[in-house]
Amino acid sequence: MSTGIKNGKHHTFNIYIVILFFLFITSPTSSSPANGIKEEKHRVIVIDAGHGGKDPGALGSISRESDINLAIALKTGEYIQQNIKNVTVIYTRKDDSTVELRDRPKIANKANADLFISIHTNSINSKKVMGAETWIMGYSKDQQNLEVAMKENEVIYLEKDYSTKYGGFDPKSSESFIMFSTTQKVFQEESTDLASKIQTEFRERVNRSDRDVKQAGFWVLYNTKMPSVLVETGFITNPAEEKYLNSKEGQDYLASAIFRACRDYLNEIESKSSISWEKNQDTAQKNDTITRVNSQTGEILFMVQVTTSVSKTEIKPENFKGLSDITEIFTQNRYKYAAGNFPDYSEAVNYRKKIDTIYPDAFVIAVKDNKILPLHQALEQKRKTQKN
Ligand SMILES: [Zn+2]
């Protein structure tokens, strides 16, 4: 009898331990308000090593793109996992296996990821071209941009029934890109920020030639429901760069650059990026800009970002294809220029359409209290205030 009681107690104790354990593993980031610790959000980052398996990607003289991508992807994930708190890294592939292009965004969406980073190596019909560039999803009428996207999308041909699986999408036709959904539009600002940070790291810390942030229709970025970028780490067709991309040092540096950009991006999301509104030479215009933005404290305004540049452009209509209502925003070491100023999102969208012929890559951004607010957050806040 006494044994039975002991066993019973022991059993209860075990259950208690099990419950505690479950509480611990199921809510690793939550903390009770009683202990006064601020709740930290758990983040999920999906790292996609481009190509793999039956698709080697671009070919160099000593290596294959898929192997370089995998090595850099795994190192990036390692750096992130070891150095950023409350983060889970998910890989679309961890070895030389075949993953269909359309499954890669699905993996990220299913995991409800906060970031999607696709890692690639560039190629071109010239041994001279070198440097790193980071892509975000967008419409591009630029032939060179389209060519990079088409190359990365081309693997679709290797898959059976590609025309059914990809809804008639033809990677060789630029018209196909028009049918891309606008899902990524609401993440364009955040994707650009992350992409800019990656490029800055590449340029300043890894001594890479900076080919800037660009946009085009990449299948792999097209259907993700989170900020997403595609990194072209360098040219496999440039002998020196191919050597660098295959070296342990090169891979380490590139991976740590991507990691630092992610870390800074996440830190900024936590503390909301602060933007210094550029002072114009023209005092009237300067006051106008600042007053206009400051005078509506707490209100969300929509603008249409037309260009981003590492160098400063003087604000005058001839520098902006005739547009006069331009605001300059300096952030992430880059100058952003936005046109218009609308309290209503649909007005900004209409304005974007209106200037589509002169600025086909333009997109809508949201501004609140002198800060750029992620568009999806802005739309959510608008919806809430309209309901009340
Ligand atoms: Zn690639």
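Author: Phe-330 is partly exposed, with a relative accessible area of 27%, in a model that is predicted.

Reader: Why is Phe-330 called partly exposed?

Author: Buried requires a value under 20% and exposed a value over 50%. Phe-330 has 27%, which falls in between, so the residue is partly exposed.

Reader: What makes Tyr-335 buried?

Author: Its relative accessible area is 16%. Because the cut-off for buried is under 20%, Tyr-335 counts as buried.

Reader: Why is the aromatic pair of Phe-330 and Tyr-335 called tilted?

Author: The structure holds 6 aromatic pairs, and one of them joins Phe-330 and Tyr-335. Their rings lie 4.6 Å centre to centre, within the 6.5 Å required of a pair. The planes are 45° apart; stacked requires under 30 degrees and edge-to-face over 60, so the pair is tilted.

Reader: How do you know that the charged end of Arg-208 is close enough to sit over the ring of Tyr-244?

Author: The distance to the ring centre is 3.8 Å, and the limit is 6 Å. The charged end of Lys-321 likewise sits over the ring of Tyr-359, 4.5 Å from its centre.

Reader: What makes S2 and S5 the edge strands?

Author: The open sheet has 6 strands in the order S2-S1-S3-S6-S4-S5, with mixed pairing. Strand S2 (87-91) and strand S5 (210-216) each pair on one side only.

Reader: How do you know that S4 and S6 pair?

Author: Strand S4 (residues 132-137) and strand S6 (residues 228-235) share 3 bridges in the antiparallel sense. At least two bridges are required, so the strands pair. Thr-134 stands opposite Val-231 in S6.

Note on methods. Residues numbered from 1 in each chain as written. Predicted model: local features only at pLDDT ≥ 70, side-chain atom pairs only at ≥ 80, totals over all residues. Heavy atoms only, no water. Helix = DSSP H or I, 4+ residues; strand = E, 2+ residues; numbered from the N terminus. Buried < 20%, exposed > 50% of the residue type's maximum accessible area, 1.4 Å probe, protein only. Lys NZ or Arg CZ within 6 Å of the ring centre and 35° of its normal.
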